[in-house]
Amino acid sequence: MSTAKSAIYVVSSVFLFLTQGLGMNLALANLTQVQGSLSATSVEAAWLSAAYMAPNVSLSIALVKIRAQYGLRRFAEIGIVVFVIVSLMNIFVSDLHSAIVVRFISGIAAAPMSTLGFLYMLEAFPPARKLSVGLALALTCTTISAPITRLISPALIEYGQWYGLYTLEMALALIALPIIYLLPLAPVPHAKGIQRLDILSYLLVAVSFGCLAVVLSMGRLYWWFEAPWLGVLLTVSIAALTTVVLIELNRAVPLIDVRWLASKEIVHFTAVLLIFRLVASEQSAIATNFYQQLGLQFEQVATLYWIILVAAIAGGLLCAVLMNPQHSERVHILALGLLASGAYMDSQATSMTRPEQMYLSQAMIAAGTALFLPPAMARGFKAALTKGPSYILSFFVVFLFTQNIGSLFGTAAFGTFVTIREKFHSNILAEQIVLSNPLVAQRVNQLAATYGKLLGDKTQLNGEGAVLLSQQVTREAYILAYNDAFLLDAAIASCALAGLILHMSYKWFAQRLAGHALKPGTA
């Protein structure tokens, strides 16, 4: 393939990733802004994200089999047509209920787009570089949609609220349509492999992952122990997944090889990816909400998101250069070091912190996130290939679970942690706010002076001052809670880094001892 044609495939891949990524993130990043146009509360608006993720987290598992049986060409053409049709359905959204239905269908239709993005990126490179440069660039593309969404959303919201957001999605879908038809992927041999029990197993996996996605998306908003239906969904998820395991263990040709997934190497691989996804949630689950808590406007954070975008791309390009099985653990050390250092730097924030003070730390986290995943995925994918093509689907189950469900788990875990720590810090600070303290009384009078020209009653004036002071105390409690979350994230990354260094040291000593034992005369 010529260099020019390879570049066209790379650009097409980036565009397909952006089409899918912006479609997923536009609602998630603007839940507060679209509430008014949909007449919804903040909790009700969160269902837009849950409805999208419920089918999306598992559908790529089915698409692996569908693509193998019916061919890449048909898969790509049908996938893009369905995506275009669903994007046009946003025209008919008139309220929250219709928006939730459309978002659910969008989650189904968008699943092929990320797969096509991967395939177009890998198509651009020769076989020897597909799992190195191609994979690194493809995974980098999955990280750039979030900062781009934050950069373009304000203009779209100003243009037309909900309709402004999804006019862009429709435009991107229509542009992607001719790309698929005019730039086909290389055909691969068909293999009829879908069995009846495959359909049952997939549906149970979809139910399990979908219920779990809803629980993780909505649990901290309704609160975990306050809404009984959360427990029901979690029970259904566990029961469905258990049924899948029982079915697959007793099949001669399973859809998902449970025994392989339970092997020591794959359990270790899964744990590594889950820890990474938890640590990498710092940017979306903690930092973004921290900016909102400070009341920062788009103009104040725009430069920060540009820096995050550039750092993510730089990290991905560096990873593409370093992609080598012999260097994977060293790359992970660098990535975890960047993540731990960046999170620790953020844990020193105050109410006076502004984006300028977080440029370096957030750039480090963005670069670390882009550096970590490609070597890990390449290693897992090669392990699956050595076992045989049938194990690729089992590998995708691990990857999708750790990335999609892991991302939701990270957001839910840190969001819950911040809520709990805010209550803790609020109680500590409230105990010190007593009017008998001269400093507190002076502060109340200073705040009350704001209303001095509007209120003549001294008691009412002092009451307004106390309300303003209470708001400041709550804000400071939240800032302390976010600092705790940043510090927890740094601690997890540091523990992972220490574990990796110990593991590498153990392997090095074991190899040295084995080499020494093999030398003549050392027995």
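Helices here are DSSP runs of H or I with at least four residues, and they are numbered from the N terminus. With that settled, let me walk you through this structure. It is a predicted model, so local features need pLDDT of at least 70, side-chain atom pairs count only at pLDDT 80 or more, and totals for chains, interfaces and linings use all residues. Residues are numbered from 1 along each chain as its sequence is written, and side-chain values use heavy atoms, with hydrogens and water left out.

Start with the second largest pocket. A pocket, on a 1 Å grid over the protein atoms alone, is an open set of points where a 1.4 Å probe fits, with protein on both sides within 12 Å along at least five of seven lines. Lining residues have an atom within 4 Å of a point. The volume is about 730 Å³. That is the space filled by probe spheres set on the points, which are joined across faces, edges and corners.

What lines the second largest pocket? There are 21 lining residues, and H268, F269, V272, R379 and H503 lie nearest the centre. The largest share comes from α11, with 9 residues. By class, the lining has 12 nonpolar, 5 polar and 4 charged residues. Here Ala, Val, Leu, Ile, Met, Phe, Trp, Tyr, Cys and Pro count as nonpolar, Asp, Glu, Lys and Arg as charged, and the others, Gly among them, as polar.

Next, salt bridges. The cut-off is a side-chain nitrogen of Lys or Arg within 4 Å of a carboxyl oxygen of Asp or Glu. The structure holds 3 of them. Take D484 and R421, whose side chains meet at 2.8 Å, N to O. D484 is in α18 and R421 is in α16 (residues 391-432), so this pair ties together parts that are 63 residues apart in sequence.

Are these two buried or exposed? Buried means under 20% relative accessible area, exposed over 50%, and partly exposed in between, with a 1.4 Å probe and protein chains only. D484 is buried at 19%. R421 is partly exposed at 25%.

The other pairs are quick. E422 bridges to K423, with the closest N and O atoms 3.6 Å apart. E422 is buried, at 4%. R475 meets E476 at 3.4 Å, N to O. R475 is partly exposed at 33%, and E476 is partly exposed at 28%.

Now the surface. V81, I85, Y181 and L182 make a nonpolar patch of about 390 Å². Patch residues have over 30% relative accessible area and no salt bridge, and nonpolar side chains (Val, Leu, Ile, Met, Phe, Trp, Tyr) are joined within 5 Å. Areas come from the Shrake-Rupley method with a 1.4 Å probe. Helices α5 (72-88) and α7 (127-182) each supply at least two of the patch residues. L182 sits in α7, and at 70% relative accessibility it counts as exposed.

Most residues other than glycine have a negative phi. W223 has a positive phi, near 70 degrees. W223 is in the loop between α8 (196-222) and α9 (228-249), and is partly exposed at 24%.

Last, A99, in helix α6 (residues 96-123). At 0% relative accessibility, A99 counts as buried. Which residue is 7.1 Å from A99, C-alpha to C-alpha? That is L48, 51 residues apart from A99 in sequence.

How values were computed:
Patch = residues over 30% accessible without salt bridge, like charges linked within 9 Å, V, L, I, M, F, W, Y side chains within 5 Å.
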